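I'd like to walk you through some ring contacts and then a couple of pockets, so let's get the model up on the screen.

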Amino acid sequence: MKVFTTILTFLAAAQAYAPPSYSGYKLVWASTFEGKKDALPPTSEWNIITGNNNFNNELQTYTKSVNNLRQTGGGTVEIIPHGDKTALHGWTSARLESNYKFTPAAGKITIAQSRLRLAGNPASQKKGLWPAFWILGNSQRHGTKWPASGEIDVFENINGQSTVYGGLHCDVAPGGVCNEPYGLVGQTSLPDNHFHSWRVEFNRKSSDFKSQSITWFKDGVQFHKVTGAQIGNSNVWKTVCGSDLFFILNIAVGGDFPGAPNSKTVGGSGSMMEIAYVAHYVSN
């Protein structure tokens, strides 16, 4: 009976973390992190970044260590920052980039979505921590520089704040139509440490790029929107709403946005980001 109950509990948890079905949409791709406890995410789906790839004056060294990156055995994966005196700048963390790429489909609505949570250390212990679920233009892998490659930030949080930012980066820096380096940004609340769904919808149902849009949602409630008309340039709009894109999950430490960690900043499981899935849908 105990074994049977354990199996039922595991199946219920797995079902709770599975990508949902949406009427009128097809699930095209999903990564669900269903591997064994303490295993790395599958490299068939994710490129596990290592080294001091520190953009934005960040401090972390990315690793494949189980201390920084591990599946839970319960259908989720954890990204965990750690203070480490042996690391180049005193911190280690993890970054996943999807091997999978997608192009928002013409004449359709494309959804890119994750379900995730941040662990419960107080904000006073999270100064300098920068967890994110975001999307980059695949052209960056082929030499296009940021922000011309395009970037869609679905979920960004800094310093343990009760605020989540979603934004768009594009065109040129500084300035440009996306107001770089700040981007075109919206925000919403992060009320707790529970799982929430975060998604963007790329609406290309119109053939006129000015009538197309990218819209941000928390748990199905809209909190930000950018239209092609706002961008006003079809070539720039194509980089973010009509070209190959890929997913990123990471926790950066330090950098221009959150600032540096301080003596009270604490790594470990209390400062982790836990992700249930990443999914891509297209309307029928």
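Let's start at Arg199: its charged end sits over the ring of Tyr22, 5.7 Å from the ring's centre. By "over a ring" I mean NZ of Lys or CZ of Arg within 6 Å of the ring centre and within 35 degrees of the ring normal. Arg199 also lies over the face of Phe217, at 4.3 Å from that ring centre.

Quick housekeeping: this is a predicted model, where local features need pLDDT of at least 70 and side-chain atom pairs count only at pLDDT 80 or more, while totals for chains, interfaces and linings use all residues. Residues are numbered from 1 along each chain as its sequence is written, and side-chain values use heavy atoms, with hydrogens and water left out.

Now, the aromatics. How many aromatic pairs does the structure hold? There are 13, a pair being Phe, Tyr or Trp rings (the six-membered one for Trp) with centres within 6.5 Å; planes under 30 degrees apart are stacked, over 60 edge-to-face, the rest tilted. Tyr22 turns up again here: its ring centre is 5.1 Å from that of Tyr281 and the planes are at 65 degrees, so that pair is edge-to-face. It joins distant parts of the chain, 259 residues apart, with Tyr22 in the loop between helix 1 (2-17) and strand 1 (25-31) and Tyr281 in strand 18 (residues 273-283).

Phe102 and Phe202 make another edge-to-face pair, 6.1 Å centre to centre with 70 degrees between the planes. Phe102 is in strand 8 (residues 95-102) and Phe202 in strand 14 (residues 196-203), 100 residues apart.

Last, the linings. The largest pocket's lining divides into 12 nonpolar, six polar and six charged residues. Here Ala, Val, Leu, Ile, Met, Phe, Trp, Tyr, Cys and Pro are nonpolar, Asp, Glu, Lys and Arg charged, and the others, Gly among them, polar.

Conventions. Helix = DSSP H or I, 4+ residues; strand = E, 2+ residues; numbered from the N terminus.
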